[in-house]
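Subject: A structure for you to look at

Hi,

Here is the structure I promised to send over. Open it up next to this email and follow along as you read.

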Amino acid sequence: MNRILRFWYLADKKIFLTGLIFFIICFLLQIWRMQSLSASMDQGIFLQILWNGLRGHAFESTLSSQLSTNVVHSGELPSLGYYRFGQHFTPILVIWIPLVAIMNKWALPFIQVLLISLSGLLLYKLARLKLEIRISRMITYSFYLANAVIGPCLGNFTDLCQLPLCFFGLIYGLEKRIKWLVFLSGLLMPMIREDTGVLLVGIAVWLLLRSKGNSIIALFFLVYGASYVLIVTNLIMPLFSDDNSKRFMIENFGQYLEGKSQASSWQVLLSILRQPLILFRELFSPLGRTIRYFAGQGLPLVFIPFISIDSWLLMGLPLLGLLLAQGNPLAINWRYTYLVVPGLFSGAIYWWQLNKQIFALRTFRNLWKGCIILSLIFTITSNPNRTLSWAIPYSINPWVYRQPWMQLEHGNIARQGLRMIPSHSSVSASSSLVPHLASREVIIRFPYHTSYLDRSQLARSVEWIGIDLDEHRRYAHVFDKEWRDLKEVLLTLEDLEASYKPQFVRDGVIILKLNGTLDSKILDEYRNLIDETYLIRSKSGKSLR
């Protein structure tokens with residue numbers, strides 16, 4: 001314990017206070033997300049796979065099963081006994097199971113904010129090995145106020161939140177020659193997700209080209225990182241399901257596969273290399289979104305990483321993967337930014353080591369401060385993952401905004417209704433309700449499924465259904481997708497009317513029970529709510545009937 005405390009000790013109280021403020025603000029905003037029902041299904045998936053670990057079924061998830069190729073493409077029902085390892089291989093998450101036992105649904109937002117907060121402190125320690133205190137502080141302030149850092153931190157839990165700390169730990173261990181830290185960080189990095197071994201390959205290439213005396217370590221990381229990715233994606237993940245080859249490879253890299261319905265990561269790599277023209281096109285398409293992404297990443301560091309060889313070597317491979325993916329998953333508030341951020345900031349440190357004299361220019365220092373402030377402004381106005389919906393409207397034209405006290409009241413009402421559902425019962429729920437119900441064996445997302453396959457592969461109807469009709473109604477008149485989702489909800493409710501009875505109806509929250517008792521007052525409230533909902537028209541004036 002003393003060694004750990006000494007490792008994290010910072011003599012610079014300003015940076016420690018900055019990290020503490022970042023943690024407090026972001027965790028409070030995560031609490032807001034949960035209480036206002038802004039968290040969604042992805043958060044529930046991670047909670048369910050870890051909660052199942054407490055019962056000896058780690059990484060099993062009926063929610064993940066809904067996203068499997070058997071369900072999405074073949075029309076099968078989601079099933080018990082489905083392991084998420086076929087979609088994403090994330091064994092390192094097992095270390096958080098004890099914390100889920102203690103904190104339940106609050107564990108995941110706590111872990112995410114804590115890890116990103118600690119990453120900033122470790123980045124500062126790394127910078128101080130190479131730079132004077134003022135430059136080190138500025139780099140750290142840039143990290144804590146970067147859109148690419150704040151945005152995903154204020155979203156649903158992502159396994160990639162573990163990556164910056166692991167990455168900075170490896171670079172710091174190399175600089176300080178702390179062998180246990182180097183090998184622990186290097187060993188764990190590919191285990192974060194099946195594709196994060198690519199970052200280890202990037203570090204290995206950087207060591208071979210830019211560092212002396214680390215060639216043996218570099219070669220080990222090169223072989224380990226590359227072989228881990230290839231073995232896991234081509235041999236281990238297919239043991240659990242065909243989702244990686246039949247769904248994710250096709251959805252992300254289908255433009256290179258010439259109509260194939262299945263491809264391994266190795267086959268995708270070969271296909272990309274054989275089609276340089278498509279590769280070149282994907283690097284810049286869509287152009288506007290790509291430019292905005294690069295601008296968002298570089299702004300808090302005054303775009304220094306883009307002229308830093310070290311940054312390009314350290315972030316180049318994961319960034320290339322994002323650029324080549326179909327449709328480019330380039331959004332500054334998405335979780336994928338954590339694949340790029342560690343190399344971006346680490347490389348900036350090494351650039352400043354050779355260009356310290358520029359910081360002496362007062363004009364440049366003011367420019368840097370202005371870029372950091374501008375980055376924070378863009379972050380706030382983008383309302384990352386709707387977390388700032390208490391202050392930022394969801395839409396300006398037409399105006400869509402709900403007062404924060406109304407959002408909290410709605411969340412309180414929803415949780416009151418959810419308490420009617422026993423903790424052991426199977427349930428289908430709207431996305432916004434999933435994170436509050438995911439600590440159970442069977443949960444699936446409404447309206448897509450209300451039945452599942454049990455461990456004997458027999459079809460079962462869920463015992464309870466929780467619907468946040470208010471969420472589906474709120475934006476239906478503004479956005480076509482929300483209007484289509486609302487129509488699907490209403491059609492599903494019509495089909496379920498004979499078997500599921502309303503037990504709770506208030507503020508747009510509906511709780512249905514299979515073969516439940518019927519209360520005439522609640523039934524009248526339910527029918528009135530449905531009738532009101534049918535009056536909503538789409539942006540183009542279409543009726544829901």
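Let's start with Lys125, which sits in helix H7, residues 107-128. This is a predicted model, by the way. Is Lys125 buried or exposed? Its relative accessible area is 13%, under the 20% cut-off, so Lys125 counts as buried. Now find Lys14: it is 111 residues away from Lys125 along the chain, and the two C-alpha atoms are 13 Å apart.

Ser245 is another one to click on. You'll find Ser245 in helix H14, which covers residues 243-253. Its relative accessibility is 14%, so Ser245 is buried too. If you skip the neighbours within four places in sequence, Ser245 touches Ile250, Ser261, Gln262, Ala263 and Ser264.

Next, a pair of helices. H10 (residues 163-176) and H12 (residues 197-210) pack with their axes 12 Å apart, at an angle of about 25 degrees. Angles under 35 degrees count as roughly parallel, so that is what we call H10 and H12. Their crossing is right-handed. Which residues make the contact? From H10 they are Leu163, Phe167, Leu170, Ile171 and Leu174, while H12 brings in Leu199, Leu200, Ile203, Trp206 and Leu207. Sorted by class, that gives ten nonpolar residues, with no polar and no charged ones. When you look at the numbering, keep in mind that an α-helix has 3.6 residues a turn, so residues three or four places apart point the same way.

Some backbone details to finish with. Where are the cis peptide bonds I'd like you to look at? One joins Ser285 and Pro286, with omega about -5 degrees, and Pro286 is in the loop between H16 and H17. Another joins Phe446 and Pro447, with omega about 10 degrees; Pro447 is in the loop between strands E2 and E3.

Also check Val302, a residue other than glycine with a positive phi, near 55 degrees. Val302 is in the loop between H17 and H18, and at 11% relative accessible area it is buried. Asp507 has a positive phi near 55 degrees as well. Asp507 lies in the loop between E6 and E7 and is partly exposed, at 33%.

Technical notes:
Residues are numbered from 1 along each chain as its sequence is written. This is a predicted model: local features need pLDDT of at least 70, side-chain atom pairs count only at pLDDT 80 or more; totals for chains, interfaces and linings use all residues. Side-chain values use heavy atoms; hydrogens and water are left out. Axes are lines fitted to C-alpha atoms, for helices over the stretch in contact, and angles run from 0 to 180 degrees between N-to-C directions. Helices (H or I, at least four residues) and strands (E, at least two) are DSSP runs, numbered from the N terminus. Angles under 35 degrees count as roughly parallel, over 145 as roughly antiparallel, 65 to 115 as roughly perpendicular and the rest as oblique. A crossing is left-handed if the near helix is turned anticlockwise from the far one by less than a right angle, and right-handed if clockwise. Contact means heavy atoms within 4.5 Å. Ala, Val, Leu, Ile, Met, Phe, Trp, Tyr, Cys and Pro count as nonpolar, Asp, Glu, Lys and Arg as charged, and the others, Gly among them, as polar. Buried means under 20% relative accessible area, exposed over 50%, partly exposed in between (1.4 Å probe, protein chains only).
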